[in-house]
Amino acid sequence: MKLDAKIDTIKGVGKKTEELFHNLGVYTVGDMLLNFPREYKLYPHPASPAEVYNALQSNPAMLRKEWAVEAKAIKAPVVRSGRRTSVTILSFKQGLLDIEAIWFRSEYLRSVIKSGHRYILFGKCEIDHNKLKITQPRVFETDAYQRSFENRLIPVYRLTKGLKQNQIIKAIQNIFENDLEIPEWLPDEIMKEYHFPQRNEAIYQMHFPDLEEKNIAAQKRLAFEEFFLFLLSIKMNEQFQGNARNEYPIHTNEDFSKYLDKLPYKLTNDQSKALQEVLGDLSSPYMMQRLLEGDVGSGKTMIAFFSMLAVSLNEYQTALMAPTEVLARQHYLTYRKLLDDFGLGLQIPVILLVGSMTAKEKKEAYAQIEHSKNAMVIGTHALFQEKVQYQTLAYVVTDEQHRFGVRQREAFMEKGYHPHILVMSATPIPRTLALILYNNMNISRILEKPANRLPIKNCVVGESYLPAAYKFISEQVCAGHQCYVICPMIEENEESDIRSVEEAYRMLQEQFQGAISIGMLHGNLKADEKNAIMMAFEKNEISVLVSTTVVEVGVDVPNATAMVVFNAERFGLAQLHQLRGRIGRGDAQSFCVFVSDSESAKERLEILNKSNDGFEIAQEDLKRRGPGDFFGERQSGDMGFGLADPYRDSDMLKAASKSVEELQKTDPKLLVHNELQKRLEEYREHLAENLNI
């Protein structure tokens, strides 16, 4: 079986199941194997109901812990149908202790569980009216549990509605049972130096770990190879080696400062310093390649605008590429307003180019770009399209996601342009790691926040806080403000107790009964639907926006003063910090509520409660975590890597950088490493496809 084979070649994957996998972005055998678990569950040795009951009585903090409870069914399950859902109830007994297990939408259990049989129930327990209550547990035959689950790490995958964990596990098992071809492309010398497992073994251990140590070794190897390919891709492109001569020297005079004076506020000291560094690069003998790091809400957009303004005033074109259409449109409106305020609206055109525009709109944008020598062009990946012909493109700014700054430079050079490059990132990366990731770019940092920003007030609460959360949301809306409600999943799933956007949206609608306008936003919506929802939220036509992390990058709604994050333990701290950066952008006090019943996560979340500094948060989180803290808590949000994380895997990032440097000395053209050369070509083709170029 080959990695590029379609998933319908996997035993047990029919047409319907294939479509469900497509919802997860899984189309080939290789996609299936790289669809790694989001976490693992360790199934413990079974406890008796009495042991669990006594433990919960003595330590209520263990309420949210998952237990394996062994008990004998005294009768078949009973199904009770309600107006919205059905409830399946199973009764047990141990001595004088009554035990009750309940499931929602699980009528099939009535024919699975037999009276008089013993079972292992794995789930969360609580004491309810002197009865041990187990909610939504998994059911195992005792022999099967001991044979296949007890004291083993079991993978837990992302799901979509209609797809079950067992279907994913079975599909992956069937792949490995075939004659699977997984080529090894890491050089032998690297494999030996770091004692990495073979690639096929690493992928197997990610899905079916024998031991935690083997699983961690697999994680490290796969993180290393992602960094290695990324860094090697940069080094192999000789166009980026050394300092290129400045083809577009940009000069400013004393008149430029008058535009800064027209702002209704003064730039912070860090903003002023960063702007001077950028302007200094633009006028130097060499082309600029600079990284601008700044915490969420620190004002990076103003640095981008004023540096683009300087270039436009020198009669050259500039381009700003945003990671989402919503953000591109927001930048477009912001830039137009600023130029109008400065009296430059007619002198410097601002052109929007995004994928969802109609053919007619794109054609008009192409014509403007081709004939406007000093235009500011703002868009997404559409900026790279073959039909786009720039006249004098001198400066490119990329907003978020470091990969854009790599392949993007190559793409523009392939078009014959050699522009200055500024990469902006709100991800707080230590300087040593940033130098590696950004290929020794010069670095500017903005640590100060604008003077009118009040620190966000935070709190960490359990699910029992929900009634108070509803009241809090209502109070904020009544005061004229807006709220975000963030969930880690889009769809509800019967196998998960994680809050979904759909579920939270329905809960809020039922709670407020039309008194508050509620919107729903997630990645499965079409681009024009996302744009319409975000525009409605910006105009305060939507008071509460229920969303996934699609709002994480850059959306600016100053009137939003509150955020509630469900299952906060599912996010990395840096990502949570980025999310709460969507509030606190006006002069009103803002509040962020992190909801989690995970006792182990609450201590970690307290870091957010104590600090609003992204760099400090990232450093503190890294100190508290070990190599096994791998899934569901990505440190730096989505930086373009599939599994690797620059913070958490900093040792592998440094190792990959060292290995690339050594390889460049011994085999710079990869003449000896044929498999690696082939893999690198595939990687670059894939990256180009993702950037639509």
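I call a residue buried under 20% relative accessible area, exposed over 50%, and partly exposed in between, using a 1.4 Å probe and protein chains only. By that rule R499 is buried, at 14% relative accessibility.

**Ground rules.** This is a predicted model, so I take local features only at pLDDT of at least 70 and side-chain atom pairs only at pLDDT 80 or more, while totals for chains, interfaces and linings use all residues. I number residues from 1 along each chain as its sequence is written, and side-chain values use heavy atoms, with hydrogens and water left out.

**Confidence.** I looked up pLDDT, the predictor's confidence in each residue, from 0 to 100. The protein has a mean of 86, and 90% of its residues reach 70 or more. Helices (H or I, at least four residues) and strands (E, at least two) are DSSP runs, numbered from the N terminus. Confidence is lowest in helix 15, residues 404-414, at a mean of 58. It is highest in strand 11, residues 350-353, at 97. I marked residues 626-638, where pLDDT stays under 50. The model still has 49 contacts beyond four places in sequence for that stretch; contact means heavy atoms within 4.5 Å. Where pLDDT is low, the predicted coordinates should not be read in detail.

**Cores.** Next I looked for nonpolar cores. Each is a set of buried Ala, Val, Leu, Ile, Met, Phe, Trp, Tyr and Cys residues joined through side-chain atoms within 4.5 Å. The largest has 131 residues, and F228, F306 and L309 have the most contacts inside it. Helix 9, residues 212-236, gives the largest share of this core, eleven residues. Apart from it lies another core of 29 residues, with I456, I533, A536 and V565 among them. In soluble globular proteins, nonpolar side chains tend to be buried together.

Which residues does L309 contact, leaving aside neighbours within four places in sequence? I found F256, Y259, L339, F342, L344, I348 and M376.

**Helix 9 again.** I went back for S233, which sits in helix 9. S233 is buried, with a relative accessible area of 5%. It touches L680, Y683 and R684, not counting residues up to four places away in sequence. The C-alpha atoms of S233 and E681 are separated by 8.9 Å, though these residues are 448 apart along the chain.

**Salt bridges.** I count a salt bridge when a side-chain nitrogen of Lys or Arg is within 4 Å of a carboxyl oxygen of Asp or Glu. The count comes to 26.

K41 pairs with E66, with their closest N and O atoms 3.0 Å apart. K41 is in strand 1 (residues 39-42) and E66 in strand 2 (residues 66-72), 25 residues apart. K41 is partly exposed at 23% relative accessibility, and E66 is partly exposed at 26%.

E277 and R290 also meet in a salt bridge, 3.7 Å from N to O. This one links helix 11 (residues 269-282) to strand 9 (residues 289-294), 13 residues apart. R290 is buried, at 8%.

E463 lies in the loop between strand 16 and helix 17, and R499 in the loop between strand 17 and helix 18, 36 residues apart. Last, I noted one network: salt bridges that share partners join E184, R199, R221 and E225.
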